[in-house]
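Student: Let's go through how two chains meet, and I'll keep asking what each term rests on.

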Amino acid sequence: MRVFEKTKALTDMPLTYCPGCTHGIIHRLVAEAIDELGVREKTIGIAPVGCAVFAYDFFNMDMMQAAHGRAPAVATGAKRVHPDSVVFTYQGDGDLASIGAAEIMHAAARGERITTIFVNNAIYGMTGGQMAPTTLVGQVTTTSPYGRDEELCGKPIRMSEMLAQLPGAAYIARVSVHDVRHVLEAKKAIRKAFETQIAGEGFAMVEVLSTCPTNWGMTPIESLKWVESDMIPYYPLGVKKGA
Amino acid sequence: MAKMLMKGNEAIAEAAVRAGCRYFFGYPITPQNQIPEYMSKRMPQVGGTFLQAESEVSAINMVYGAAGSGARVMTSSSGPGISLKQEGISYIVGAELPCVIVNIMRGGPGLGSIQPAQSDYYQATRGGGHGDYRIPVLAPSSVPEAVELTIKAFDIADEYRTPVIVLGDGMIGQMMEPVDLPDELTRQLPAKPWAAGGRGAKPDADGADEGRRAIINSLYIDPQVLENHNIKLQGKYSRIAAEQLLFGSEMVEDADIVIVAYGTVARIVRSAIRLARAEGIKAGMIRPITLWPFPEAPIADAAKTARVFLTVEMSAGQMVDDVRLALNGARPSHFYGRTGGMVPAVRDVLDQIRRLAGAGQSPAIKEVLV
Amino acid sequence: METQVLFAGFGGQGVLLMGQLLCKAAMHEDLEVSWMPSYGPEMRGGEANCGVVVADEPIGSPLVTEPDVAVLMNRPSLDKFESTVAPGGALLYNSSLIDRAPKREDIRVVAVPCNEIASELGNARVANMVMLGAYNALTKQRPGGAGSGAVPNWMALRPISLESLVYALRATLGKEKERLIPINQKAMEAGARCV
């Protein structure tokens, strides 16, 4: 009886993410979708700068590591050279919603046939828990020690809703991985985002609400609960664009 | 084939096409706009892709993606845009990707002007972005030479897996001269087994392909591994310096005064030297064609016979530092430059030569006696 | 031996084209050429000029700062460039649009009513070709008469034939606009008669 099988699309390299962080789940979902679609050997993944900077060690396929925020531009270059390949970016909220806001907007606007996995954990993880453009109002981080002040830096950006406005975006969804039911839904959305690219329909993105127990200062369980109690109300789940 | 009268910018673009460049990512900025404009028309005709990026930053990262995917790819800009591209260029160097970057220089700093300048010499020859690196820099002084060097740039880029800069100025970009365009390259371009996505299906049995997948990366978190990577890069630069040096030498053998100038300024100097020779002044010129690697040895050799050196630039004095290093105190080194988009006139250069020959007086804006 | 020519006027007067045609005609006669435009932020209506060097040896500086011949199509160009003409040089000016005579006495000055001639020919747009014809005729004049002593640079280089200019025109206009060649040629011939 086969109980569990490692996906081919992940290497044997042990993940370096913190205990309780949901990056591992998201990696697994992406890898499963790629394997199920049978496209691993023609997939090019683009790793960001952020916690997933080492993604090129974990995804077992051709990988490029991009400068901070530039993954959609790098993906554009790769996709234009190999239009039959499957190209995805894997980016965090600082990378995608802050320093790389222009790149993701224009990749979506062009209807770039790429898939973006946007991991939103409302904080800069790798650099030690600074405020992100997605940090919730009142949320304490190392650069918002009194809680995010709306007067000082506005409200968090809802990237999925924003990108869904662009005609070039074919599929945009926000999902969460804080419990099994949501993980299964996230899996479906990620697969759909790759199918959208393969069908040549346009830009596809799945925003995955993720946890950062280390920088949130919570236990893994508390983190999962916080996604449900605090993040989802501000970042409503669902398909924002496309079927 | 009959020669064609072509603008420098367009000639560079067509030369790239004939060198097999099929991907161009750029952003509008004067005085290089004819390069992206020409590419936008030409790329679809040859089955290539032209994409106007949302920013210079995106353009250079698209170049990273395309170069990492094995393509011959180019971008072009001018000073302010090249500054924005520096992040991407550093990554391209780190990941050892081949590409060609054209800088049609304009006056700076800041937004500066759109008139010709050579004030990006340091930026081009010292790396430009963060980290320890050099980039081969080719500096044409005529439109036909721009064609020749653009094609060469792609070959150097592929051979050493490095970005190569073609460094022109507004004059070379905007002027027209007759060019003899070579036929489209028919030879096989170098294989790029390291590139991503180009190889189709790979062996898939139980991780047997592990290690064979392409990883395009500039991150080496372990200091020892990164030092090894740097040592490898430096070795590459030593090879480039030994193998790719280009310079021109005009009437240097019997010269009393040797002028060092590159790009369009070398044209102005050439005219001044002719006039000086007509007056009986023995002037000659060393013209660096590769700015990095720099022709140090030829300058040192010339110092054995020439009495004095004069560097002329459209800058406040950048290449003159390399001339001084090459001379190493052997001979006096003088400088004459114009900045901000002002172009030295033949007459002004002639005055400087006369002055060094011991006749007439004319103040230089900056003069350094070693 | 080389000749430096400056063409200047308003953007839209075809001054850049005049320079390019001269280059292409000279190339057709195996001479060396360079063409260097001024380039500014204005798109239309601003000043336009280009410097052309024609030579029988490789060209040094492509910059024309002291033209042997200045070809000036409007008043601002005359005001700006009259003083730059090399001593002993020549200046052709569009007397249809320029309401003052040049002041220089050490150069050859030729008035060409470009727009009037073009209108008489029935096509106001060939004013630049009238001027190009006048320029070409000027270069065909040999020393003697007014000049004394040294041959000015604009005379020293062998002149380019009208046929080569028509060749250049044909190459530039292409098949689609070939029907415009006769009127342009007529304009050049009319301009030549002004010299």
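Student: How do you know that residue pairs are in polar contact across the interface of chain A and chain B?
Tutor: In this predicted model, 16 residue pairs at pLDDT 80 or more meet the rule: a pair of N or O atoms within 3.5 Å, where within protein one must be able to donate a hydrogen and the other to accept it, and residues adjacent in sequence count only if both atoms are side-chain atoms.

Student: Which elements supply the side of chain A that touches chain B?
Tutor: Helix 2 (55-58), strand 2 (62-65), helix 3 (71-81) and helix 5 (101-109) each give at least two residues. Helices (H or I, at least four residues) and strands (E, at least two) are DSSP runs, numbered from the N terminus. Helix 3 of chain A has the largest share, seven residues.

Student: Why is Arg110(A) with Glu54(B) called a salt bridge?
Tutor: The term needs a side-chain nitrogen of Lys or Arg within 4 Å of a carboxyl oxygen of Asp or Glu. Here the closest N and O atoms are 2.9 Å apart, so the pair qualifies. The count between the two chains is two.

Student: What makes strand 2 of chain A and strand 9 of chain B a pair?
Tutor: DSSP must find at least two bridges. These strands, the latter being residues 215-216, have two, in the parallel sense, so they pair. Met63(A) stands opposite Ile215(B) there.

Key. Residues are numbered from 1 along each chain as its sequence is written. Chains are lettered from A and ligands numbered from 1 in the order in which they are written. This is a predicted model: local features need pLDDT of at least 70, side-chain atom pairs count only at pLDDT 80 or more; totals for chains, interfaces and linings use all residues. Side-chain values use heavy atoms; hydrogens and water are left out.
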